[in-house]
Amino acid sequence: MPLSPLDIHNKEFTRAFRGYAEDEVNEFLDQIIKDYELLLREKKELEDKVKQMTEQMEHYNTMEETLQKSIVVAQEAAEEVRRNAQQEAKLIIKEAEKNADRIVNEALTKARKITIEIDALKKQSKVFRNRFKMLVEAQLDLLNSDDWDHLMEYDIGLTEIQEQFRQEDEDDFLKNSTSEQEKY
């Protein structure tokens with residue numbers, strides 16, 4: 001056990017003949033006591049400071065561990081978010097590809113239907129053209145026939161036509177009169 005300043009102060013030395021000067025020894029011992037007390041106080045302060053710094057270091061170590069754990073958790077969360085984003089991106093791409101395929105297939109189907117309709121319209125237009133051509137040719141044949149010439153040869157005057165209508169009217173009148181008399 002180390003000496004205390006009180007131990008140094010209470011220390012009694014035996015007296016010997018021709019020993020050291022007692023006042024000088026006491027002054028020296030007083031100086032040693034003061035220095036020793038100062039050293040003990042400094043030692044106590046340093047121990048307190050070491051204790052405080054040790055507590056701070058433990059606190060900082062705890063904070064460091066917490067931060068490291070937080071960093072690990074954040075990295076794991078970021079990795080999970082990245083994985084989820086990649087999976088979601090893959091799903092979106094698959095859905096987009098399905099939609100694109102569906103749209104392309106619908107467009108191809110519509111294009112095929114339109115092509116079939118165009119072909120049908122072309123055939124119908126050819127048939128119509130041929131029929132119209134035949135009709136026009138038939139009409140031209142009629143115009144070019146000799147029948148028109150024969151019609152021009154007839155020379156009927158207006159008085160003959162009027163006479164023919166009068167005759168037809170009289171015949172009709174007589175028929176109607178006789179049929180009414182027969183009724184009675």
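Predicted model: local features only at pLDDT ≥ 70, side-chain atom pairs only at ≥ 80, totals over all residues.
**Exercise 1. Describe the link between glutamate 79 and arginine 82.**

Step 1. Take the distance. The closest N and O atoms of glutamate 79 and arginine 82 are 2.2 Å apart, and the pair forms a salt bridge.

Step 2. Take the position. Glutamate 79 and arginine 82 lie 3 residues apart in helix 2, about one turn of the helix.

Step 3. Classify each residue. Partly exposed covers the range between buried, under 20%, and exposed, over 50%. Glutamate 79 has a relative accessible area of 29%, so it is partly exposed. Arginine 82 has 40%, so it is partly exposed.

**Exercise 2. Work out the contact between aspartate 48 and lysine 44. How many salt bridges does the whole structure hold?**

Step 1. Start with the pair. The side chains of aspartate 48 and lysine 44 meet in a salt bridge at 3.6 Å, N to O.

Step 2. Locate the pair. Both residues belong to helix 2. Their spacing is 4 residues, about one turn of the helix.

Step 3. Classify the partners. Aspartate 48 is partly exposed because its relative accessible area is 39%. Lysine 44 is partly exposed because its relative accessibility is 47%.

Step 4. Count across the model. A search of the whole structure gives 6 salt bridges.

**Exercise 3. Which residues make the nonpolar surface patch? Is phenylalanine 128 buried or exposed?**

Step 1. List the members. The patch is made by Phe128, Phe132, Leu135, Val136, Leu140 and Leu143. Its area is about 590 Å².

Step 2. Locate phenylalanine 128. This residue is found in helix 2, which covers residues 22–144.

Step 3. Apply the cut-off. Exposed means over 50% relative accessible area. Phenylalanine 128 has 57% relative accessibility, so it counts as exposed.

How values were computed:
Residues numbered from 1 in each chain as written. Heavy atoms only, no water. Patch = residues over 30% accessible without salt bridge, like charges linked within 9 Å, V, L, I, M, F, W, Y side chains within 5 Å. Areas by Shrake-Rupley, 256 points an atom, 1.4 Å probe, with all protein chains shown as cover. Salt bridge = Lys/Arg side-chain N within 4 Å of Asp/Glu carboxyl O. Helix = DSSP H or I, 4+ residues; strand = E, 2+ residues; numbered from the N terminus. Buried < 20%, exposed > 50% of the residue type's maximum accessible area, 1.4 Å probe, protein only.
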